Amino acid sequence: MKDSIIFDLDGTLWDSREGVVRAWNNTLEDMGLVPNVTIEKLTPCMGLPLDEIGARLFSSYSKEKRSEIIEQCTVNQMILLKEIGGILYPKLIETLKELKKDYKLFIVSNCREGYIESFLYHHKTEEFFDDFEDNGRTGLLKAENIGLIIERNNLKAPVYVGDTDTDRQATEKAGIPFIFAEYGFGKAKRQAALLPEFSALPEVMKTLD
């Protein structure tokens with residue numbers, strides 16, 4: 001019997017790309033740089049650690065300059081997302097309410113500290129989640145942060161829900177089942193179960209018990 005669900009954020013619970021692109025381009029312009037971030041460029045980067053995103057989007061700059069750009073962009077994106085939020089996947093709130101009856105719920109994401117909080121604050125979803133962790137706060141990669149959540153909350157039979165193959169790899173390293181959110185941004189080579197839409201998760205969970 002599964003006792004808990006750990007969620008990825010981007011491409012799993014919400015789509016924040018429009019707000020992120022807006023915040024990043026505004027930041028680049030303020031820094032005197034070309035505002036050239038697009039949804040098409042950003043999408044393959046979703047879920048990656050910030051240093052990898054910087055290397056992909058700003059490869060023409062030095063490592064030090066990329067770090068400066070990413071620092072400013074992520075600070076400004078969190079301010080904006082706290083204000084405007086993102087696009088929640090259909091029936092997300094109703095489904096979280098249903099899941100909360102039977103499972104403990106968590107979030108683990110490769111993001112800067114404050115990004116998950118922007119999601120929780122703007123969309124008033126704090127009540128559904130028992131704990132969360134991110135790369136920005138711990139400096140650890142996703143598999144290790146999943147492990148922290150499991151240990152910290154004494155979870156016995158958790159699953160992870162994510163939308164990319166990097167999520168799948170992290171979940172396998174953490175030693176728990178992976179549910180692939182096929183409505184998200186990426187692909188996955190294998191999974192314990194497929195999630196065609198977020199609202200189907202209660203039924204998908206029953207197949208794993």
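**Note on the predicted model: sheet, helices, cores and salt bridges**

1. Six strands form an open sheet in the order β5-β4-β1-β6-β7-β8, with parallel pairing. The edges are β5 (131-134) and β8 (193-195), each with a single partner strand, so one side of each has no neighbour in the sheet. On average, neighbouring strands here are turned by 25° against each other, direction ignored. Two strands count as paired if DSSP finds at least two bridges between them. Strands (E, at least two residues) and helices (H or I, at least four) are DSSP runs, numbered from the N terminus.

2. On the basis of the values: this is a predicted model, in which local features need pLDDT of at least 70 and side-chain atom pairs count only at pLDDT 80 or more, while totals for chains, interfaces and linings use all residues. Residues are numbered from 1 along each chain as its sequence is written, and side-chain values use heavy atoms, with hydrogens and water left out.

3. How is β6 placed, covered or open? Strand β6 is mostly covered, with five of its five residues buried. Buried means under 20% relative accessible area, exposed over 50%, and partly exposed in between (1.4 Å probe, protein chains only). P158, Y160 and G162 point one way from β6, while V159 and V161 point the other way. In a regular strand the side chains alternate between the two faces of the sheet.

4. The pairings of β6 can be followed residue by residue. β1 and β6 run parallel and are joined by four bridges. I5 has V159 as its bridge partner in β6. Strand β6 (residues 158-162) also pairs in the parallel sense with strand β7 (residues 178-181), over three bridges. Here Y160 stands opposite F178, and V161 stands opposite I179.

5. The largest nonpolar core has 55 residues, and I5, F7, W24, F129, I179 and L201 have the most contacts inside it. Helix α4 gives the most to this core, with six residues. Apart from it lies another core, of twelve residues, among them F106, V108, I176 and A188. A nonpolar core is a set of buried Ala, Val, Leu, Ile, Met, Phe, Trp, Tyr and Cys residues joined through side-chain atoms within 4.5 Å.

6. What does I5 touch? Leaving out residues up to four places away in sequence, I5 touches L99, Y103, K104, L105, F106, V159, V161, L201 and M205. Contact means heavy atoms within 4.5 Å.

7. Helix α3 (residues 50-57) has L50, I53, G54 and L57 as its buried residues. Seen down the axis of α3, these fall within an arc of 100°, so they line one face of the helix. The arc is that of the directions from the helix axis to the C-beta atoms. D51 and R56 are exposed on the other side of α3. The buried residues of α3 pack against α1 (17-30), α2 (39-42) and α4 (63-84).

8. Helix α8 (residues 142-152) lies across β1 (4-7), β4 (104-109), β5 and β6, and runs at about 155° to β5. Axes are lines fitted to C-alpha atoms, for helices over the stretch in contact, and angles run from 0 to 180 degrees between N-to-C directions.

9. How many salt bridges does the structure hold? There are 13. A salt bridge is a side-chain nitrogen of Lys or Arg within 4 Å of a carboxyl oxygen of Asp or Glu. One of them joins D8 and K142 (3.1 Å, N to O). D8 lies in the loop between β1 and β2 (14-15) and K142 in helix α8, so the pair ties together parts that are 134 residues apart in sequence. D8 and K142 are both buried.

10. Salt bridges that share partners join D131, E133, R137 and R152 into one network.

11. R152 is partly exposed, with a relative accessible area of 43%. D131 counts as buried at 14% relative accessibility, and E133 counts as buried at 3%.
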